Amino acid sequence: MTSHVPNEARVIPLRPRAERPEARPTAPRPTASPVPPERRPPTVREPLWRDLVGDVLRRERLEQERTLKEVAEAARISMPYLSEVERGRKEASSEVLAAAAGALGLGLGDLLARAQGELVRLSSRHTGAGRGTPGTRFDGMCLAA
């Protein structure tokens, strides 16, 4: 004789029903922005370091009329990875940047100085002026992580 017992599991809630997120009252969301869109200041995207470095690498490679494959082989890095670095999609290590710069006949310092020059140029265009007092010149390199 066999007894037939239904295959049912007993469910024990972890939280009492009153504390479940579905049961909590939600605060009303504001429907309109406090500042109208036409009065908001324009958002300016800061240039990313990887974009600047990639632009310098690509510009130098094209000025030398070299292919991506030639430079990647000389630098001993993969062609797809170098392409990603040039397009600003990958954050390359200093070793990879030094190898790519060396393959183009540049030192790592040259590459970074050119990227820093681009950063200063782009930043001054967005802000309208450089930092500090007018006429102040900054010769140092600024890197941020």
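Biologist: In this predicted model, which residue meets arginine 87 in a salt bridge?

Modeller: The contact is made between side chains, with an N to O distance of 2.4 Å.

Biologist: Which residues do salt bridges with shared partners join into one network?

Modeller: One link of salt-bridge type runs between arginine 61 and glutamate 86, where the closest N and O atoms are 2.7 Å apart. Through shared partners, the network comprises Arg58, Arg61 and Glu86.

Biologist: Is arginine 61 buried or exposed?

Modeller: Glutamate 86 has a relative accessibility of 2% and counts as buried. For arginine 61 the value is 8%, which falls under the 20% cut-off. Arginine 61 is therefore classed as buried.

Biologist: How many residues apart in sequence are the parts tied together by glutamate 91 and arginine 50?

Modeller: The side chains of these two residues form a salt bridge with an N to O distance of 3.6 Å. Glutamate 91 sits in the loop between α3 (79-86) and α4 (94-103), whereas arginine 50 belongs to helix α1 (residues 49-63). Glutamate 91 is exposed at 53%, and arginine 50 is partly exposed at 31%. The separation of the parts they tie together is 41 residues.

Biologist: How many salt bridges are found in the whole structure?

Modeller: A search of the whole structure gives a total of seven.

Technical notes. Residues numbered from 1 in each chain as written. Predicted model: local features only at pLDDT ≥ 70, side-chain atom pairs only at ≥ 80, totals over all residues. Heavy atoms only, no water. Salt bridge = Lys/Arg side-chain N within 4 Å of Asp/Glu carboxyl O. Helix = DSSP H or I, 4+ residues; strand = E, 2+ residues; numbered from the N terminus. Buried < 20%, exposed > 50% of the residue type's maximum accessible area, 1.4 Å probe, protein only.
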